[in-house]
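Please take me through this structure, stop by stop. I have it open in a viewer and would like to know what to select and what is there.

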Amino acid sequence: MLREKWRGGAGAAVMGVAALAFACLLGVQAARAQDEAGFQSYLNELRQQAEAQGRSRAAIDAVFAGLTLNPRVIELDRGQPGSNPNAPIPDFEPYRRSHVDTQRIARGRQVYQAQRGRLAAIERETGVPESIMVAIWGHETNYGAVTGNFDLPRALATLAYEGRRRSLFSGEFLATVEMVDRGVPRERLKGSWAGATGNPQFLPSVYLRLARDGDGDGRADIWTSDADTLASIGNYLANAGWRPGQPWGFAVSVPATFDRSDLKTRTLSPRCARVFDRHSRWRTMAEWRAMGIAPQSAAWPDDRMLATLIEPDGPGKTGYLLTGNYRVILDYNCSNFYALSVGLLADAVIK
């Protein structure tokens, strides 16, 4: 009797858990339906903005057709590394090993040799070194191997609707309508969940402003044309202020007795403050040399050239003196690990 009573109680408990799970599922579905209804209402606002900008009906219809909210995009956005500004900064060395690796260097050398004619022409026009353009391409999409398969308008509209950076992403969404209006096929609009597209991973507004036709066919095809990809990367860096003839930086050895007390930067950057806070105050190359800093392999540049010091793995490890051109790389992607790896990959590609 007691056994039968126990079994009945367990069965009731199982039924209770199942009912609770079913109720939760219904709740999730209801919340998603509510989100989708809100998203569709927001799309009407975006459509009105596109119309007010004078975009053609054909372009608007092509971009808006069938758009739905993408919960995965919101999940990825909220979970991205760096969302916690107080999290400790890891060492650079593990990142360097995985991003300036044998495979990426070898592939970069192949691309460099195959594109020498185009690269030389772009360098003459923009002043941006051939190797830097190749390294950017290698870091962004592994030379075109991984460009992303998210539908760009859907991802951007989702990010805009989510609301944390609505102004940014609504503008980028409307830029996709302009891209189609200018002749970019709707099916080309694929990329990362965050809205970057093509071999150089340009945001739509950057594509409209800086993408270039490198092969003379009248189109800026950053998805399938190597020439257009490299011309666009070079144009981006030139527009960001690249100084011809100046290195991005170089690895240095810092003496054990080095005094860092008066070198902390006093400049507050309005953009990527945590990135720039890791840089020292600016000094001339002559001043760094007088402090005992020594290049590990590169020759000293012009004594009057200004540079800042970063020690990404802490004192006693390799440091880097960085010039203004390093900050141009940061304009492409505001991460010290990214910019250092681009510079190091560029150096490795031409060795």
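**Stop one: the disulfide**

At 17% relative accessibility, Cys334 counts as buried, where buried means under 20% relative accessible area, exposed over 50% and partly exposed in between, with a 1.4 Å probe and protein chains only. This is a predicted model, in which local features need pLDDT of at least 70 and side-chain atom pairs count only at pLDDT 80 or more, while totals for chains, interfaces and linings use all residues. Residues are numbered from 1 along each chain as its sequence is written, and side-chain values use heavy atoms, with hydrogens and water left out.

Select Cys272 together with Cys334: the two form a disulfide, with their sulfur atoms 2.2 Å apart. A disulfide here is a pair of cysteine sulfur atoms within 2.5 Å, and the structure holds one. The pair links distant parts of the chain, 62 residues apart. Cys272 is in the loop between strand S3 (249-253) and helix H12 (273-276), and Cys334 is in the loop between helix H14 (324-332) and helix H15 (336-349). Helices (H or I, at least four residues) and strands (E, at least two) are DSSP runs, numbered from the N terminus.

Stay on Cys272. Its relative accessibility is 25%, so Cys272 counts as partly exposed. Phi of Cys272 is near 55 degrees, a positive value in a residue other than glycine.

**Stop two: Tyr143**

Next, select Tyr143, in the loop between helix H7 (130-141) and strand S1 (150-151). Phi of Tyr143 is also positive, near 60 degrees, and this residue is not glycine. Tyr143 counts as buried because its relative accessibility is 6%.

**Stop three: H7 against H11**

Now show H7 with helix H11 (residues 226-239): their axes come within 10 Å and cross at roughly 110 degrees. Axes are lines fitted to C-alpha atoms, for helices over the stretch in contact, and angles run from 0 to 180 degrees between N-to-C directions. H7 and H11 are therefore roughly perpendicular, a term for angles of 65 to 115 degrees.

Which residues of H7 meet H11? They are Ile132, Met133, Ile136 and Trp137, and on the H11 side are Asp226, Thr229, Leu230, Ile233, Gly234 and Leu237.

**Stop four: Ser170**

Last, select Ser170 in helix H9 (residues 166-181). At 11% relative accessibility, this serine counts as buried. Leaving aside neighbours within four places in sequence, Ser170 is in contact (heavy atoms within 4.5 Å) with Tyr42, Leu46 and Ala160. The side chain of Ser170 also reaches the backbone oxygen of Ser167, at 3.3 Å.

Conventions:
Angles under 35 degrees count as roughly parallel, over 145 as roughly antiparallel, 65 to 115 as roughly perpendicular and the rest as oblique. A polar contact is a pair of N or O atoms within 3.5 Å; within protein, one must be able to donate a hydrogen and the other to accept it, and residues adjacent in sequence count only if both atoms are side-chain atoms.
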